[in-house]
Amino acid sequence: MTAVSSLADLQLEFEQPADAAAAKVQRALLGAMEANLPGAIDDPDSESLHDLRVAVRRSRSVQRQLKRDFPPVELDHFRAEFRWLQGLTGPARDLDVYVLGFDDLRALVPDATQGDLDPLLDVLRHHREQAREAMAEGLRSVRFTTLMSEWAALLELLPSMPVADRPDAKRAIGELAGTRIVKVYKRMVKTGGAIDSTSPPAAYHELRKKGKELRYLLELFGGPLYPKKVVKPMIKSLKALQDVLG
């Protein structure tokens with residue numbers, strides 16, 4: 001089960017209260033994290049860690065984009081904890097990519113000197129082992145298990161919580177998601193329009209981040225709420241843009 005497949009059958013209604021819809025999406029993402037957890041810890045050659053991290057990134061995106069559906073004090077706490085989780089899993093995933101893709105790197109140098117890269121592979125494997133041990137310790141910690149259980153409890157209670165400090169909680173999710181999609185799209189166009197041949201790498205990175213934020217909104221809410229023949233080509237274009245900018 002991956003972060004993507006866990007959302008494949010997600011059903012939302014246009015007039016559904018936004019907090020109920022946000023909770024439903026977040027529960028699906030939480031399920032993806034939990035399903036990929038064993039493989040992320042025990043199988044360094046699987047895609048489980050990648051899928052877990054995608055689910056975490058998407059969850060953080062919903063926390064940002066629909067923040068007015070959540071109680072602010074509690075949300076601040078969980079945003080900090082999910083940021084910690086993203087940081088915890090990052091080094092191990094980066095080193096997975098380096099080690100698993102090392103043969104492609106080796107193929108870029110002449111045959112006669114390919115063996116000279118072996119010491120580098122040994123170093124990467126050593127650092128990968130250390131990073132995975134540190135990550136596994138964190139994913140087995142009380143902090144992580146508490147985060148997962150307390151987040152699940154909040155999502156269960158969210159639709160029935162007081163709304164005084166949650167101004168978007170009872171807005172129709174179709175209206176709210178559309179508003180957020182348009183806003184992020186306009187920010188992305190503005191960021192991209194400011195880029196020229198003299199722009200620094202950071203400008204391209206910022207554009208890539210905004211494109212990913214828009215893609216997550218379309219995947220999580222656009223797909224279930226709007227015609228797929230409109231949403232799918234937009235997602236495909238954003239993925240292509242990410243590849244170019246990546």
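**Entry 1: Fold.** The model I examined is predicted. Reading from the N terminus, I recorded the order of elements as α-α-α-α-α-α-α-α-α. This amounts to nine helices and zero strands. I noted a C-alpha trace spanning about 65 × 50 × 30 Å along the principal axes. Of the 246 residues in the chain, 47% count as buried.

**Entry 2: Largest pocket.** I looked up the largest pocket and found about 1100 Å³ of space in it. Its lining comprises 36 residues, and Arg57, Arg64, Lys209, Lys212 and Tyr216 lie nearest the centre. The elements giving two or more residues to this lining are α2 (48-65), α3 (72-100), α7 (173-193) and α8 (201-225).

**Entry 3: Salt bridges.** My search of the whole structure returned 17 salt bridges. I followed three of them in detail.

I first examined aspartate 19 and arginine 166, whose side chains meet in a salt bridge at 3.0 Å, N to O. The pair links distant parts of the chain, 147 residues apart: aspartate 19 is in helix α1 (residues 18-42), and arginine 166 is in the loop between α6 (142-157) and α7. Aspartate 19 has a relative accessible area of 0% and is therefore buried. Arginine 166, at 1%, is buried too.

I next examined aspartate 168 and arginine 68, whose closest N and O atoms are 2.9 Å apart in a salt bridge. Aspartate 168 lies in the loop between α6 and α7 and arginine 68 in the loop between α2 and α3, so this contact ties together parts 100 residues apart in sequence. Aspartate 168 is buried at 9% relative accessible area, whereas arginine 68 is partly exposed at 43%.

Lastly I examined glutamate 81 and arginine 143, whose side chains form a salt bridge at 2.8 Å, N to O. Because glutamate 81 lies in helix α3 and arginine 143 in helix α6, the pair ties together parts 62 residues apart in sequence. Glutamate 81 counts as buried at 13% relative accessibility, and arginine 143 as partly exposed at 39%. I also noted one network, in which salt bridges with shared partners join Arg68, Asp168, Arg171 and Glu175.

**Entry 4: Nonpolar surface.** I found a nonpolar surface patch formed by Leu105, Leu108, Leu120 and Val123, with about 370 Å² of accessible area together. Leucine 105 belongs to helix α4 (residues 102-106). I classed leucine 105 as partly exposed because its relative accessibility is 40%.

Terms used:
Residues are numbered from 1 along each chain as its sequence is written. This is a predicted model: local features need pLDDT of at least 70, side-chain atom pairs count only at pLDDT 80 or more; totals for chains, interfaces and linings use all residues. Side-chain values use heavy atoms; hydrogens and water are left out. Patches are made of residues with over 30% relative accessible area and no salt bridge: like charges are joined within 9 Å, nonpolar side chains (Val, Leu, Ile, Met, Phe, Trp, Tyr) within 5 Å. Accessible areas come from the Shrake-Rupley method with a 1.4 Å probe; for residues, only the protein chains shown count as cover. A salt bridge is a side-chain nitrogen of Lys or Arg within 4 Å of a carboxyl oxygen of Asp or Glu. Helices (H or I, at least four residues) and strands (E, at least two) are DSSP runs, numbered from the N terminus. Buried means under 20% relative accessible area, exposed over 50%, partly exposed in between (1.4 Å probe, protein chains only). On a 1 Å grid over the protein atoms alone, a cavity is a set of points where a 1.4 Å probe fits but cannot get out, and a pocket is an open set with protein on both sides within 12 Å along at least five of seven lines; lining residues have an atom within 4 Å of a point. Grid points are joined across faces, edges and corners, and a volume is the space filled by probe spheres set on the points.
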